[in-house]
Each structure stands twice: as structure tokens, then as C-alpha cells.
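Trainee: I am new to this structure. Can we go through it together, one question at a time?

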Amino acid sequence: MSKNKHEAIFTPIGLNYDSNGRVEKSVELPPVTKKKHKSLGLSDDDVVGMFRQMYLQRRFEERAMQMYQKGKFGGFLHLYIGQEAISTGTVYALDDRDDIITAYRDHGWGLVRGITANEGMAELFGKATGCSKGKGGSMHFAKAENHFWGGHGIVGGHIPIAAGLAFANKYKGNGEISCCFFGDGAVDQGSLHETLNMAQLWKLPCIFVVENNGYSMGTAAHRHTVGEIYERANGYGMKSAMFNGMDAFTVYENMKKIADDVRENSIPYFIEIRTYRYRGHSMSDPQKYRTKQELEEYQKTDPVERMKTYILDEKILKEKELESIQEEIEQEVLESIDFAEKSPFPEPEELYEDMFAGTPYFHDR
Amino acid sequence: MAVLQFREALLQAIDEEMDRDENVFIMGEEVAEYNGAYKVTEGLLDKYGFKRVIDTPISELGFSGIGVGAAMKGLRPIVEFMTFNFAVLAADQILNHASKIRYMLGGQASVPIVFRGPNASAGQLAATHSVAYDSMYAHFPGLVVIYPSEPDDAKGLLKSAIRCEDPVIFMESEQMYGMKGEVSDEEDYIIPIGKAKVKREGDDVTVIASGKMYHVAKKAAAELAKDGVEMELIDPRTIKPLDMDTIIQSVKKTNRCVIVDEAHPYGGMAAEAGFIIQREAFDYLDAPVRRVTLPDVHAPFAKNLFDLWLPDAKRVIDAVNAVTYRN
Ligand SMILES: Cc1ncc(C[n+]2csc(CCOP(=O)(O)OP(=O)(O)O)c2C)c(N)n1
Ligand SMILES: [Mg+2]
């Protein structure tokens, strides 16, 4: 290590310690909403639906991870586990016709926007029956008919595209808004800053959402970006918010208010939702950059468990009923594995399909 | 001769050059505390400290430009891209600035910088993570493009690249990092930029292949030898400057040539080398030059389509059979 005290140092170093010598957490979670579901305008059915959504995402990914480890499919696998309250709270707050676009951590987003477990699992397996016909894999779940414009693998690449969706919505005057999700790491890309400027200047009805899960791969947020992320909006005179993403009700409450504002007034909005990534960045990540205690700390606020407890405490369902929902979802996921395994690979000719809308041309084929 | 992994050979080159010249530093995503996404920079932080081994945000355009500026001011940056697929975000700095500044300023500034990282595909990573960019960079004046295939070449050429006074694009592969090979123990081992290497001698056909495709061609050579066809296998190692002398000399001997290129066919290295071969060795050719490339299609995710997409030994053998009229 560098011995010279006056030596230049560029990137902030390692773990942050507070004044008591404790390791600071990579994201501080603000409090969750105290409101009950009825006062948020959610019915009992909505709450059960939210639980279903979250549980499906959780089990789908836990099973996908097992299949990956068994070598059933290749490529990258980035798990959304821990962040499910964000996708779930958001789709309940948005209209179904509103546009959603996200990065490569996209399975949860696909499932909440109507990709079936079958279509999702088959895509992971690279089968013809997958949501993207096996062409895109884990990073490219999409369901355009449901206004879910996909997962995207280039960090920050889809941010201007979200503004483009909003541009088209404003142009057509169709009352739809667009919503873009990306990680804390993507905040550092120039594409974000160019887009925020134009979105504010042109008053595009677009919500830019940072899912701050504490890390960009192995780099803690304070080591890759300056200041509080949501405050970036100030520089553009854009409205902003920051809230807890480990609770679906909190996400719902905030997103609903913001979506209404964005739709009514045709304005952009910049949001930081704080959450935590339980698993490694992808499947090959030794996770030496964080402590086990930190992970356990966040797991205490688990969004799925929280919803389960709420449903029982509020007597929305009996324990037995909740268990049977879980069993049902478990079956759905297990069947999706079966479906994916039995599905055919794409036909060889598919290699040349979907390249062009018009007459295809392939140089020197 | 020591047997080293490709990544270890790269690490030795970086380590030796950082040790030799304190103006050399390395920056990129996850290069320091994480020890490198592919462990090429393992241990460098401990040895050289935070000043010279720098983790960057995911800001490819920004940190590449910071590299260019630092190089103009006398430093020797090694900029690591997690893959060259992400370097397209930095294309403005590489193409509009690094490659052109010296010329536009009438020779008043130099940009001694190395942009390095894995190139091309690495299994089923889908369309945005699978592009071979060597030919694209080679298209632009002012850039050296190196794409070695074996640890020995990697070490000697990376050391040359770091000492080069001009910008160098140095390409590796996720799938080669673990490959082992003998590496010269020679102190300060340097391989000059722009020299191809005949890695296998043969009289029947010349095959040109660099980077990951070299290993595909080598496999084909072993298969063909069983049928009595002796391939002369040339690894250009440097895509630009391309050592056409070595290639032409070989073609004049074998009278047949197949070029294996990991890029798409339009305007790639195969097209360029093929053109020069027909111009310089037209009277020596017994068959039209053939090439094996990716199709003019993006990388698919599905395993079966991906395998169809990526050139393999069988396609090299087919091309050799075609130029030797054996089918
Ligand atoms: C332009 C670009 N650079 C680098 C990468 C490699 N990469 C993929 S994900 C990632 C980290 C992103 O972190 P964050 O934005 O916080 O999202 P998270 O993974 O936490 O969801 C990196 C560096 C990439 N895909 N694209
Ligand atoms: Mg993150």
C-alpha cells in the first residue's frame, strides 16, 4: 500500500467507517409508510395480488438460480432478489398502458408486466417459446404488447430510450407516461445527464428511477458516485424524490403520487429508490466487497416476508390460505422449468429472422 | 520458459512496465479493490497503491477522455474496458480524439495510451456483448490494433503497447484468460508491434487467424493433418499494422489462402487481407481466397443458434477443402 501520506488518491477507498468505527451501510433506508392498505386505496385483493407478484418473482429467480447452477442454461444471470417491492409497487401505481423499460436485472419486471413463468423460464433456457424467442436470454426479457420494452445490457443505454418513449407519448397526446429503471452504477453514465437535461427542457412525461441497491458490481455507491443521488435532479430543476424500496406499500404510495403529477403536468421526475441486492452481481461474484452482517441487516426488512406478515396481521388471509397461494406459485414455477426443458430450441433459420422489418439483406451470405 | 495463464502473462507485462516507469498507471471498472473483473490486475493495488491502480465509475466516455488528457500531459495510462463492447461508449474519445490529436495539432502532442480488455464474444451473452471490434478500430488511421492469441505474444506485445508513443487498442478474450502457454523468461521481453508469426509450417494452404480464432484454426489444422493436408498457420498478432509481407510470402509458397476473422464480413480484416493478397500474389493463387467470418447477423442468445453463428473448426476445414478442391 501507498506509504506516502501526501500521495494523490483518486477513487475513495474501501469500506466507510462511521465515528464509532462501525462499517457504514452502503445504503441508508428511510422509514416506510405507516399507512394501511385501505387508506392507500388498495383493496384486500390488491394486497393479495401484490404478494402473489412478489412471491412469484422470488421463487422464479430462486429456481432459475438452481437451474443455472445445474448447467441448464448459460450466459449471465442477474437476480432481482430483494428488490421485488419496487417492481410490484410500481405496476400497481402505473396504468397498464404506461411504458416501462429497465436494465439487465429484468426478470421481476417482466413477470409483473405479464411475461408468464413459462415464457420467462423458456427465455432463460434459450428456447423458441421464450418471451424473446430465445434470442435475448436473461438480460432481454420483453413484452412490448404490455408496454414492457425490455431489459437492456449496456449500462445507461436505455435511459435516453425511456425519454424517447415519453417523447412519443407527448407527441401523440395519448396520456401515457414512461418509466425508466436503472442501477446506482448507471447514474455515472453521460447518457443520464444528457437525457435529464432534455427531458426537463422538453417537459417529457418520464419518470427516471434509480434502484440504488448499494453496489455497482463490486463497488459501493459512495466509491463510484458523489453526494446523494436524488439531489442530481436539482441541477436540472427537476422534481425529485427518495424513498424506501423494501416495502411495496411505500413504493406504491410514492409512485402513485408521482405518476399522477407526471401525467397531469407533462413533466419528468427523478427518483432514487433505496433497496438492497441480496445476491452477487451475477452468478460469478465472490462478494468480498461486503460483509455478511450487512446482507443480514437488509434481509431483516425483506419485502416478501413483510407483506406476508402484514396479510396475516391484518387478517386478510388465513395462514392456510396464504400457504396454498405459495404452493400454487411453487407449482407454476416448477411447471415452467418443465415447459422450458421440453420446449424446442429455435430452428436454425431463426438465426436470420428478426433482423429487418423490411426485405432482409445479409452481406455475403 | 515458464508456463503461464494468459491473464498472468498480461499481469506480468503490466507489473513490469509499472515497475519500470512511474508514469504508467491503470484505471477501469473494478480493476483495483475487486482485483479486476477477470483478475488481470490481481495484486496490483497492493503493490502500487491507490494512486496508480484506480477504480472508475461506469463512465467509459469520461475515463477514456481523462486517459487521453493524462497521456497528452506525459503519463502513460492503461485504460481497461470490462469488454470492448462497452468501449463503444468511449468511441468519441478513441476515434475523434486519441487517434487524431497528434495529427490535428501538427505533431505538438502525443497520446501514448493503451486501451485494453476482452474483445468479441464469450459464450451466450447476446447481441450487445458479443461484437468483435478489431477490424472497426483498424479502419481508423492513427491506431495500433493488437489481438494476440497466446500468453507469450500477450506479454511481449503488451509491453510494447505500453511503451508505444501512440494510442494502442489491445484486445484479449474472456475465453482465453485461463489458457496456458509457455512464456519467455527473457528479461524485459518485448515483441515488436506489426510482426506476424508463422505458428505452424505447411505447404498446402495458408490460414490466417488471430486472437480467439487462432485456436479455432489450430484445431482445424490438427484435423486436416490427419487427412494429409498441411496448413501453414499465420497469427498476425497485430491487426494493424498488418504484416502483409509474411502473409504474401506464405501464400506464394502454398498458393491457397483462407482467412479466419471473428468480425462480421463487411469490410473486415479478412476483406482487407484478401484484397492485398489478390493484388500482390494474383499469379500465385490456385484458388480464390476464402474467408470464414461471423454472418452478417447479431449474436443470438440460444445455444444452438450461437454455435451456428460463431466460426468453428469445421467451417475452417470446409473452407480449406474448398480452396484445395478436395470436396
Ligand atoms: C456500458 C457498460 N459498462 C459496463 C458494463 C458491465 N456492467 C454490467 S452491470 C454493471 C454494474 C451496474 O451496477 P448498477 O447500475 O448499480 O446496477 P445493478 O447491477 O446494481 O442492478 C457493470 C459494470 C455494461 N454492461 N455496460
Ligand atoms: Mg446497483
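Mentor: Start with one pair in chain B. The side chains of Asp153(B) and Lys199(B) form a salt bridge, 2.4 Å from N to O. A salt bridge here is a side-chain nitrogen of Lys or Arg within 4 Å of a carboxyl oxygen of Asp or Glu. This is a predicted model: local features need pLDDT of at least 70, side-chain atom pairs count only at pLDDT 80 or more, and totals for chains, interfaces and linings use all residues. Residues are numbered from 1 along each chain as its sequence is written, chains are lettered from A and ligands numbered from 1 in the order written, and side-chain values use heavy atoms, without hydrogens and water.

Trainee: What are the domains of chain B?

Mentor: The bounds come from an automatic or database domain assignment. For chain B it gives domain 1 (2–183) and domain 2 (197–323).

Trainee: How many salt bridges are there between domain 1 of chain B and domain 2 of chain B?

Mentor: Asp153(B) and Lys199(B) make a salt bridge. The count between domain 1 of chain B and domain 2 of chain B is three.

Trainee: What area is buried between domain 1 of chain B and domain 2 of chain B?

Mentor: Buried area is the accessible area (1.4 Å probe) that two parts lose on being put together, summed over both. Carbon and sulfur atoms give 55% of it here. The area between domain 1 of chain B and domain 2 of chain B is about 2200 Å².

Trainee: Where does ligand 1 lie?

Mentor: Near means a heavy atom within 4 Å. Of the 22 residues around ligand 1, those that come nearest include Tyr104(A) and Glu60(B). Ligand 1 lies between chains A and B.

Trainee: Which residue has a polar side-chain atom 2.8 Å from an oxygen atom of ligand 1?

Mentor: A nitrogen atom of ligand 1 is 3.0 Å from a polar backbone atom of Val155(A). The side-chain atom at 2.8 Å from an oxygen atom of ligand 1 belongs to Asn213(A).

Trainee: What area is buried between chain B and chain A?

Mentor: Contact means heavy atoms within 4.5 Å. By that rule, 37 residues of chain B are in contact with 51 residues of chain A. Carbon and sulfur atoms give 65% of the buried area. The area is about 3700 Å².

Notes: Polar contact = N/O pair within 3.5 Å; in protein donor to acceptor, adjacent residues only side chain to side chain.
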